[in-house]
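Here are my notes on this one, as numbered points. Have a look at the model first, then read on.

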Amino acid sequence: MPKKAGMEKWKKERRQQYLELKEYRYYIFCEGEQTEPQYFSGFKRLIEDNPIYKDMVLIEIEPCAAETMRVIGMAERYVSFLNNKFQELGLGKCQKNMTNIFDVLMEKGNPKLAIRYAKRIIKDGAGKTPAEIAPGTKVYELVEELAKYLPEKL
């Protein structure tokens, strides 16, 4: 059967962006449901807003709600410390599930210093189990990796 004239014009072209693979993929599974995902969403937002990396980097964040009693216990012991730091910065109290936690930490904190401290805690705990190193985590490795894609001014 012959093609009708002009049929191609009404057909939509296939959207290529859905078919192209991102060069770098990060799947982040968080213990908490809100605080950690909101923190890493800050990275995601800045990276996706960056025209250099938005088509190159994929970040998917999955809250798992798998907190352990040990994590809760450690968090409760550090609440007063965090509240004092937030009050020193004029931010009131540190609240659970702050939607702007990434922006607060980027503006008022020192991510490079936090990474240095985290590395030192892990180094000092060499030979110990992860539970014995508490409050040490290796989240700093993920933060370092994602920071490569942030705008240079940050």
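1. Let's start with Asn50: this residue is buried, with a relative accessible area of 11% (buried means under 20% relative accessible area, exposed over 50%, partly exposed in between, with a 1.4 Å probe and protein chains only). Asn50 sits in the loop between helix H2 (35-49) and strand E2 (57-63). Leaving aside neighbours within four places in sequence, Asn50 is in contact with Tyr149, Leu150 and Pro151 (contact means heavy atoms within 4.5 Å).

2. A word on provenance: this is a predicted model, where local features need pLDDT of at least 70, side-chain atom pairs count only at pLDDT 80 or more, and totals for chains, interfaces and linings use all residues. Residues are numbered from 1 along each chain as its sequence is written, and side-chain values use heavy atoms, with hydrogens and water left out.

3. Ile47 touches Tyr149 and Leu150 too, and its other partners include Ile59 and Leu146, not counting residues up to four places away in sequence.

4. Overall, the protein chain has seven helices and two strands (DSSP runs numbered from the N terminus: helices are H or I, at least four residues, and strands are E, at least two). Buried residues make up 23% of its 154 residues.
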